[in-house]
2 protein chains.
Amino acid sequence: MIARDPDELIAEAARGSRTALARLITYVESGGSRQRATVSRAYATPAPYVVGLTGPPGAGKSTLTDQLIKTALESGSFDGAQPFDQVGVLCVDPSSPFTGGAILGDRIRMQDHATNEHVFIRSMATRGHLGGLSLAVPDAIRVLGAAGFSVVFVETVGVGQMEVDIASAADTTIVVTNPGWGDSMQANKAGLLEVADIFVINKADRAGLRETRRDLEQMLELGTAKEPRPPILETVASSGAGAGELWRAIIEHRRLVTGTQQDHHRAAQARAELDRVLSVMLRARIGELAEGAAYTEQVAALIDGRTDPYRAAEALLSET
Amino acid sequence: MIARDPDELIAEAARGSRTALARLITYVESGGSRQRATVSRAYATPAPYVVGLTGPPGAGKSTLTDQLIKTALESGSFDGAQPFDQVGVLCVDPSSPFTGGAILGDRIRMQDHATNEHVFIRSMATRGHLGGLSLAVPDAIRVLGAAGFSVVFVETVGVGQMEVDIASAADTTIVVTNPGWGDSMQANKAGLLEVADIFVINKADRAGLRETRRDLEQMLELGTAKEPRPPILETVASSGAGAGELWRAIIEHRRLVTGTQQDHHRAAQARAELDRVLSVMLRARIGELAEGAAYTEQVAALIDGRTDPYRAAEALLSET
């Protein structure tokens with residue numbers, strides 16, 4: 001019978017038990033005292049290296065992740081210094097903050113790896129955090145780290161706040177797009193420029209490649225916060241073309257964030273971790289407020305035009 | 001010389017001064033004591049009727065808004081009972097939470113109305129509120145109400161949280177799409193179903209109309225929280241085709257939210273107004289926390305693996 005204590009489970013997971021690992025991730029997803037005990041232990045271990053893949057649905061993120069898993073396992077390490085023989089994958093499905101309805105991507109190809117002892121794949125839902133990444137995702141990343149994984153891929157559909165959150169949880173963020181998608185990227189230009197360490201034009205054998213590359217280059221011309229400028233790579237994930245170059249670009253970027261940019265990078269990540277939890281805890285306070293009689297009174301006063309939302313909010317906050 | 005006191009400015013705006021109105025909106029955008037005085041006065045007046053238009057860039061929202069302004073002014077009232085001879089328009093440009101860089105849409109056509117004394121158009125940026133709608137937008141809506149506007153159109157690019165926020169600030173939310181956009185809507189199905197009171201397929205003279213209508217119908221089949229089910233209309237905004245039907249659909253929806261659904265609708269809006277401000281005020285507290293020495297210490301402890309984000313956040317919150 002499998003242990004239930006997080007400390008024992010982490011020891012079992014580190015010895016290779018996938019059942020123990022799966023249970024730990026369930027703990028961080030379900031909250032409560034087991035989540036806290038798991039997290040308390042998991043954050044004491046250094047984080048694994050996290051490669052985030054984001055982009056619209058249909059861009060081929062799952063197929064590309066599939067190819068990267070293969071390449072990562074074949075290469076066996078980032079730079080010879082830190083060998084790894086197993087790879088973690090978290091697939092994040094965005095869901096509405098209201099309905100919790102998840103959008104399931106094409107996971108079929110990745111299923112090939114599901115029975116591979118070198119690969120651990122877990123789908124996670126996201127909700128609650130204003131449409132952003134669930135806290136359980138960064139927690140699950142740390143659980144994988146505590147279980148001995150040194151590299152984790154996180155694949156997520158890029159929608160709004162999700163992109164920013166995944167970038168703050170990842171060490172290298174890859175934005176996946178397709179030929180002909182100049183217009184749809186335009187909508188989100190500022191967001192993409194903020195998060196992308198590497199751009200990939202997947203399905204690069206299709207029409208419109210040159211225009212999309214030009215659009216991306218123009219976007220980068222206009223300004224990126226990233227230094228050096230993110231490369232634009234071309235892949236055909238269905239055939240594996242370009243996966244080797246992409247892996248090398250990841251290694252190249254990793255050299256920066258574990259080298260000259262290390263202190264800055266780790267401090268930014270720690271602040272992002274802390275702010276995410278602070279934000280959720282403060283939102284929980286709003287939830288508690290909303291159940292009280294004082295809240296109901298302020299809403300009634302707003303409906304009648306007897307107050308404004310700022311006075312009402314201050315009245316509520318002064319009571320906590 | 002124009003007054004600077006919000007009370008006087010509201011009186012001047014109600015007498016038709018566009019300079020006074022513009023200054024009041026600047027007040028709500030810039031925060032501080034003038035914002036508070038303006039808001040305090042503006043929320044004492046009943047809100048105008050707000051029609052929100054959201055959808056991807058390039059969907060033709062500006063051109064469609066342009067046609068709706070014309071139709072609204074020609075009809076002169078919603079139902080004969082509440083005449084109006086001026087229309088407010090707020091164009092909301094989403095910007096990155098980091099850079100504040102705005103994406104400017106095509107406002108050229110709408111400029112035709114800019115010199116029209118019956119139309120007041122204002123572009124507003126949005127930032128801060130986790131990628132969502134700036135608080136200044138609902139405040140500006142109330143300023144327009146206090147200045148005597150009984151109908152306001154709010155046009156915004158639908159990206160993530162923005163959509164949910166605009167819907168909670170609007171009385172009737174129109175989601176604008178185009179033929180051939182089934183795939184891109186798929187990414188955001190749950191979000192669209194939550195917010196749309198009316199779907200519009202604009203550029204309906206283009207190929208792919210039938211497929212897009214079928215996709216929308218299937219989405220609605222799978223479940224919408226809205227009762228009755230949102231209609232799907234077809235327009236060609238560049239020629240004005242369908243604008244009359246869309247205006248009638250708005251009037252039809254308005255009959256619900258000012259009729260049988262009125263109490264529910266007003267309470268939901270008041271809660272949304274209050275929660276938006278509570279959320280911003282609580283985030284401001286995070287900002288204040290992040291400037292303190294205790295925060296710096298917790299970040300250092302996180303980097304060293306001496307704490308986890310939950311313990312760190314609790315330690316910080318217990319000090320406030």
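Biologist: Where is A:Pro228 found in chain A?
Modeller: A:Pro228 sits in the loop between helix H9 (209-221) and strand E7 (232-234) of chain A. Helices (H or I, at least four residues) and strands (E, at least two) are DSSP runs, numbered from the N terminus. This is a predicted model: local features need pLDDT of at least 70, side-chain atom pairs count only at pLDDT 80 or more, and totals for chains, interfaces and linings use all residues. Residues are numbered from 1 along each chain as its sequence is written, while chains are lettered from A and ligands numbered from 1 in the order in which they are written.

Biologist: Cis or trans, the bond that joins A:Glu227 and A:Pro228?
Modeller: Cis, with omega about -5°.

Biologist: And what is omega for the bond from B:Glu227 to B:Pro228?
Modeller: Omega is near 0° there, and that bond is cis. B:Pro228 lies in the loop between helix H9 (209-221) and strand E7 (232-234) of chain B.

Biologist: New topic. What is the phi of A:Lys203?
Modeller: Positive, about 60°, although A:Lys203 is not a glycine. A:Lys203 lies in the loop between strand E6 (198-201) and H9 of chain A.

Biologist: Is A:Lys203 buried or exposed?
Modeller: Buried, with 24 other C-beta atoms within 10 Å. Buried means 20 or more other C-beta atoms within 10 Å of a residue's own, exposed means 12 or fewer, and partly exposed is in between; C-beta atoms are placed from the backbone.

Biologist: How many for B:Lys203?
Modeller: B:Lys203 has 23 other C-beta atoms within 10 Å, so it is buried. B:Lys203 has a positive phi of about 60°.
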